[in-house]
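This report describes the fold and selected side-chain arrangements of one protein chain.

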Amino acid sequence: MFPLTEENKHVARLLLNTGTCPRCIFRFCGVDFHEPYKRPYKELLNELQQFLESVKDELIWEVPNPPPKKIRLQEMEDGIDNLSENGEGRISVIEDGSIASKNSNLNVCNVCLGILQEFCEKEFIKKVCQKVEASGFEFTNLVFSVSFPPQLSVREHAAWLLVKQEMGKQSLLLGRNDIVQLKEAYKWITHPLFSEELGVPIDGKSLFEVSVVFAHPETVEDCHFLGVICPDCFKPAKNKQSVFTRMAVMKALNKIKEEDFRKQFPCPPNSPKAVCTVLEIECAHGAVFVAGRYNKYSRNLPQTPWIIDGERKLESSVEELISDHLLTVFKAESFNFSSSGREDVDVRTLGNGRPFAIELVNPHRVHFTSQEIKELQQKINKSSNKIQVRDLQLVTREAIGHMKEGEEEKTKTYSALIWTNKAIQEKDIGFLNDIKDLKIDQKTPLRVLHRRPLAVRTRVIHSMETNYVDEHHFRLCLKTQAGTYPSVFCTAVI
C-alpha cells in the first residue's frame with residue numbers, strides 16, 4: 001500500500017519537481033513506518049509517478065525565485081516514463097526551469113545528496129559487508145553508525161522551510177520534529193539488509209562497530225554563510241579539520257531567523273551533480289578487559305617499563321611480561337595496564353599477589369572459553385620465573401573501576417629492620433609506640449619522578465610498633481595510608 005494520501009499530493013509534487021527523491025518525500029510527508037522506505041528505489045519512483053499522474057493540470061509552484069517557465073505535470077510524467085531500462089535515469093529541473101532527462105546513472109536528490117538513493121541499496125550494503133568480513137574481527141552482533149556531511153542539515157532546513165510555507169497556505173503546520181530524520185530512515189532501510197547479509201543482529205549496545213563516513217565536496221560551502229551570521233557557533237576544536245561540524249551547524253540553524261536563512265540559501269536547495277562519496281568504512285571493536293593477580297619474585301623488575309629520557313633502564317617489566325601474551329592471543333592493537341597500587345623495582349610481591357587489569361584496545365578476537373583462559377595463564381607463568389599470575393579472567397569495565405576505588409584509603413603494613421649509628425636502649429624508642437595517625441608531608445622521591453609529577457602530598461602513619469633487637473638495631477612495624485613511602489619515613493626516623 002502506497003504510504004501517501006491525497007492531502008500529501010501537493011507537497012509530494014512540489015518536492016519531486018524541485019529535485020527531491022521519493023524517500024525524502026516520504027520523510028517530509030511524515031511517513032514514520034518502515035516498510036515503504038525499504039522498497040527498491042525504482043519501484044518507489046514508479047509508484048510515486050502513478051500516485052501523482054491523476055492530476056494533469058498545469059502547475060505553477062509558488063516558491064521563492066520561481067523558475068521563469070511553467071512546469072507541466074505531463075512533462076514530468078513523460079520524463080519518468082523515459083527512464084532507462086535499469087530504472088536509473090530520472091528527470092531533473094535545470095536552471096531555466098525546464099525538465100531534462102539525464103542519461104547519468106542517477107539524478108541526485110537535492111536534500112539527501114544521494115544517501116537515500118544509492119547508499120541504502122543492496123549493492124552498497126554488500127560492499128560494506130565484504131569489508132567487514134575481510135577485517136578479521138570476531139563478533140556475534142554489531143552496531144552500524146554513519147557520519148553524514150553537515151551540509152545535509154542545511155539542505156534539509158531549506159526544504160523544510162519550503163514545505164512549511166506551502167502547507168501554511170493551507171493553514172497546516174509542519175514542525176521540524178514532524179520530519180523523519182535522515183539517519184532514522186537510513187537505519188530503517190539498512191539495518192535489516194546488514195543483518196541478513198552478515199547473519200547477525202544489529203544491537204545498539206554491541207562492542208563491535210561498523211562505521212561509514214560520507215562526504216560531498218561539491219556542496220561543502222553550503223554551510224559557510226552560517227559562519228558569517230552565527231560566528232559564535234563555530235569555534236575551532238582539537239581533532240576537528242573543520243569548524244563546520246554537524247552539531248555546530250545544527251546550533252546555528254536553531255539560532256538563525258527564517259528570513260535571514262532564505263536570503264542566504266535557496267529554498268528549495270539546488271540539485272547537485274554528484275552523489276556523496278564514501279570517505280572510509282571502518283570496523284572497530286570496543287576494548288575488552290582481562291584481570292587477575294600477579295606475584296613478583298625478582299628484585300630487579302619494575303612494574304611498568306622503566307624508561308627515562310628515552311633510555312630504557314631495565315630490559316623488561318611486570319606489565320610487559322603479562323601483556324605481550326595477551327596482545328598476541330586477543331590480536332589487539334594496544335593495551336593499557338593498571339593495578340591496585342604498585343611496588344618498587346627492588347620489592348617482591350608475595351602472598352596472594354597484587355590485583356591488576358589490562359585493557360585490550362580494538363581486539364580482533366574476543367571469545368574465549370574458561371579452559372582457553374586457563375591455558376593462557378599457564379603460558380604466561382611458564383614464560384618467566386620472575387612473575388606468576390593467578391585468577392586470570394575476562395571482566396567488565398565496571399570491575400576495573402571497583403579495583404581502583406578507594407585506592408588512596410587502603411592501609412598497608414610494613415616491617416623494617418632499622419640500624420642506628422648511635423647506641424640506643426629500648427626506652428629510647430618506646431615513644432614511637434604511642435604515636436597515632438601521624439600526618440607527614442611527603443615529597444615525590446627522585447626515583448619515581450619519571451612517572452609521577454613533583455609535588456608534596458600528605459600521607460598518614462596510622463600506627464607504629466617497635467621491637468628492640470640490640471644497641472644498634474630495632475624492628476619497626478608500620479601501618480600506613482596507601483601511597484606512603486616507608487623507606488623515606490624510616491630514614492627520617494633514624
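Does phenylalanine 2 count as buried or exposed, and at what relative accessibility? In this predicted model, phenylalanine 2 counts as buried, its relative accessibility being 18%. The cut-off for that class is under 20% relative accessible area, so phenylalanine 2 falls within the buried class.

**Aromatic pairs and charges over rings**

The structure contains 21 aromatic pairs. One of them joins phenylalanine 2 to phenylalanine 51 in a tilted arrangement, with 5.1 Å from centre to centre and 40° between the planes. This pair links distant parts of the chain, since phenylalanine 2 belongs to the segment before helix H1 (9-17) and phenylalanine 51 to helix H4 (residues 41-52), 49 residues apart. Phenylalanine 51 is buried as well, at a relative accessible area of 14%.

A further pair is formed by phenylalanine 148 and tyrosine 186; it is edge-to-face, with a centre-to-centre distance of 5.8 Å and an angle of 90° between the planes. Here too distant parts of the chain are linked: phenylalanine 148 lies in the loop between strand S5 (143-147) and helix H8 (151-168), and tyrosine 186 lies in helix H9 (residues 182-198), 38 residues away. Both phenylalanine 148 and tyrosine 186 are buried. These two residues also belong to one aromatic cluster, whose members are Phe119, Phe124, Phe144, Phe148, Tyr186, Phe194 and Phe214.

Lysine 9 lies over the face of phenylalanine 51, at 5.2 Å from the ring centre. The charged end of arginine 176 is placed over the ring of tryptophan 160, at 5.3 Å from its centre.

**Surroundings of threonine 190**

Helix H9 also contains threonine 190, which counts as buried at 0% relative accessibility. Leaving aside residues up to four places away in sequence, threonine 190 touches Phe119, Cys120, Ile125 and Phe144. Of these neighbours, Phe119 and Phe144 are listed among the members of the aromatic cluster.

**Strand pairing**

Strand S6 (residues 208-215) is mostly covered, with seven of its eight residues buried. S6 runs parallel to S5, to which five bridges join it, and valine 146 stands opposite valine 212 in S6. S6 is also joined to strand S7 (residues 277-285), in the antiparallel sense; phenylalanine 208 has histidine 285 in S7 as its bridge partner.

Strand S12 (residues 349-361) pairs with strand S8 (residues 288-296) and also with strand S11 (residues 334-339). Lysine 296 has threonine 349 in S12 as its bridge partner, while asparagine 336 is partnered by glutamate 359 in S12.

| Strand pair | Sense | Bridges |
|---|---|---|
| S5 and S6 | parallel | five bridges |
| S6 and S7 | antiparallel | eight bridges |
| S8 and S12 | antiparallel | eight bridges |
| S11 and S12 | antiparallel | six bridges |

**Cysteines**

How many disulfides does the structure hold? The count is zero. For cysteine 233, the closest cysteine sulfur is that of cysteine 230, at 4.9 Å, and this is too far for a bond. Cysteine 233 is buried, with a relative accessible area of 8%. Cysteine 29 is likewise buried, at a relative accessible area of 18%.

**The chain as a whole**

The secondary structure comes to 17 helices and 17 strands. Of the 494 residues in the chain, 45% are buried. Among contacts between residues at least 6 apart in sequence, 74% join residues at least 24 apart.

Definitions and conventions. Residues are numbered from 1 along each chain as its sequence is written. This is a predicted model: local features need pLDDT of at least 70, side-chain atom pairs count only at pLDDT 80 or more; totals for chains, interfaces and linings use all residues. Side-chain values use heavy atoms; hydrogens and water are left out. A disulfide is a pair of cysteine sulfur atoms within 2.5 Å. Buried means under 20% relative accessible area, exposed over 50%, partly exposed in between (1.4 Å probe, protein chains only). Two strands pair if DSSP finds at least two bridges between them. Helices (H or I, at least four residues) and strands (E, at least two) are DSSP runs, numbered from the N terminus. Rings of Phe, Tyr and Trp (its six-membered ring) pair if their centres lie within 6.5 Å; planes under 30 degrees apart count as stacked, over 60 as edge-to-face and the rest as tilted. A charge sits over a ring if NZ of Lys or CZ of Arg is within 6 Å of the ring centre and within 35 degrees of the ring normal. Contact means heavy atoms within 4.5 Å.
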